[in-house]
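Here is a friendly walk through a protein model with its RNA partner. Have a look at the structure first, and then we can go through its parts together.

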Amino acid sequence: MKTKRVRFAPSPTGWLHVGGARTALFNWLYAKKKEGKLILRIEDTDLERSSEEYTASIKEDLKWLGIKWDEYYKQSDRLEIYERYARKLVHEGKAYHCYCREDELEERRKKAIEEGRPPIYDGRCRNLTEEEKKNYRDQGREPTIRFKLPEQQPHAVVPDEIKGEIEFESLTTGDFVILKSDGTPSYNFACVLDDHLMEISFVLRAEDHLTNTAKQMFLYDALGFEKPRFGHLSMLLGPDKTKLSKRSGVTSVGEFRKDGYLPEAMVNHLALLGWSSKDEQEVFSREELIESFSLDNIVDSPQVFDRDKLDWFNGQYIKEVELERFVELASPFLEKSGFVDEASLKEIGAEGLRRALDLVRPSISKLSELVDNEDMAIFFDGVGLTGEAEEVLAWEDSEEVLRAIMEKFSETEVLQPEDVSKAVRDTKEEVDTGYKEVYKPLRAAVTGRLSGPEIKEVISILGPEKTVARINSVL
RNA sequence: GGUCCCGUCGUCUAGCGGCCUAGGAUAUCGGGUUCUCAUCCCGGCGACAGGGGUUCGAAUCCCCUCGGGACUGCCA
């Protein structure tokens, strides 16, 4: 069986957003599942809007997601190819030069809409005489090349493997431009040529290309190319149910990365947007996704990108990742906090930081929550007392409790969590009071607050010296 | 306006004629665990867009209506 080849073909006119990322992911999953190849093709034929910066950031984001491509192309490197094929079509009488200027076209389009006619190119340059052409050229007009659609517009049929065969009663276009006046190809033309030349076997792209695919059918026929298979993914929508755009909130992959989402969470969430496994599994490793991925389970209807679910996934991964990696992921965010500096980091020590982060991670759903995180702050100095904490410290037995337990802590160099539990137990006996009456003042004194991670762990990490100092400071 | 796609809990989805008084996840609410918060566990609320058919039987098939979306460029 021939190697399956799919592609992801973004245009570098903006950052990679979640919709594009999902398309890339599905292509990647398909390639992996079929042991095929993924081709990354940068569609930068719009010289005005494309930029190197975006190209670089798209590649970076894909790498971050773990989507690796096997081959890489840039359409701006291939301009001669498109031009050559365009000329070939002109020679064969399947395309022609059009000398209409953009403003003229725009004018006619507007008029057509006003008059209730479809805004379709009227084909007026189809049969220009040599003299007319010369006239236009003398006027300094740079022609475009338009593709000649069959006279009697046959209806296009797109054999979509996700939605089923789609029939178009009519194309909503006239002869369309395949080579722009600046010599660059238009999207549909470059796309068809490249998909063929790069031997793409399956074109899996988003649904906003459906009408493009219909147009492309004619191009394949005119060029004498065999058609690949096609599949159209439903759209990813913003919360307002319209197409994702820069306007519909933060949707660029890079932003999510900066906000402290893990790539595996992003991948997991994206994979479940428009696809589902046969069973009711939700959390998938990459390998599991590849294993269970199938075109059959792809959904037709569009889906809203839901931040809440992503947060949940991210929380799951934050709890599960190896501690070493979590520490690494966390450090840039910690560095941004007000309470961490080199000195305080040294004081808590690498092991202390590890334990503190491990203790705090169930409470966050994204790494950015680590910045100025209250649960994290308690491991560093400069924690003030909340009003509630002061109230607890004012309890009748509080002072006695604290003095008693402080004494126990003073006697050791190291405090294991179970040592703290024992000290609490003994103190409770001594003072003849309840657990709450010991735990609460202890927490209040040590952390300045009434809520937070397990206090015996906190004290264990802090160590006896600091703990005692803190208790002392409130007495 | 035209063409095309889509329509199950707020959101992601299971369902492909009887297993559905519609299942799961998330969100939300309540309970439990805990010194507390988070986690975790248990439970509740919550949907077949509407109307016609077809059929013994429809969320599932057909038609219409309504609703949402995309495209309609010398952008991709």
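Around RNA strand B there are 66 residues, and Glu43, Tyr187, Lys243, Ser301 and Asp306 are the closest; a residue is near a strand if its C-beta atom, placed from the backbone, lies within 6 Å of it. Please keep in mind that this is a predicted model: local features need pLDDT of at least 70, side-chain atom pairs count only at pLDDT 80 or more, and totals for chains, interfaces and linings use all residues. Residues are numbered from 1 along each chain as its sequence is written, while chains are lettered from A and ligands numbered from 1 in the order in which they are written.

By class, the surface near RNA strand B has 22 nonpolar, 20 polar and 24 charged residues. Here Ala, Val, Leu, Ile, Met, Phe, Trp, Tyr, Cys and Pro count as nonpolar, Asp, Glu, Lys and Arg as charged, and the others, Gly among them, as polar. Helix H18 gives the most to this surface, with 5 residues. Helices (H or I, at least four residues) and strands (E, at least two) are DSSP runs, numbered from the N terminus.

| Domain | Residues |
|---|---|
| domain 1 | 5-77 + 236-307 |
| domain 2 | 79-233 |
| domain 3 | 321-381 |
| domain 4 | 383-475 |

The C-alpha centres of domain 1 and domain 4 lie 50 Å apart.

Next comes a sheet. Three strands form an open sheet in the order E1-E2-E3, with parallel pairing; two strands pair if DSSP finds at least two bridges between them. Strand E1 (5-8) and strand E3 (71-74) are the edge strands, each pairing on one side only. E1 is joined to strand E2 (residues 37-42) by 4 bridges, and Val6 has Leu38 in E2 as its bridge partner. Helix H1 (residues 18-33) packs on the sheet and touches E1 and E2, its direction making about 165° with that of E1. Axes are lines fitted to C-alpha atoms, for helices over the stretch in contact, and angles run from 0 to 180 degrees between N-to-C directions.

Finally, how do two helices meet? Helix H12 (residues 323-335) and helix H13 (residues 342-360) pack at about 90°, with their axes 10 Å apart. H12 and H13 are therefore roughly perpendicular to each other (65 to 115 degrees). Leu323, Phe326, Val327 and Ala330 in H12 meet Leu353, Arg354, Leu357 and Asp358 in H13, where contact means C-beta atoms, placed from the backbone, within 7 Å. The residues of this contact divide into 6 nonpolar, no polar and 2 charged.

Note on methods. Angles under 35 degrees count as roughly parallel, over 145 as roughly antiparallel, 65 to 115 as roughly perpendicular and the rest as oblique. Two residues are in contact if their C-beta atoms, placed from the backbone, lie within 7 Å. Domain bounds come from an automatic or database domain assignment.
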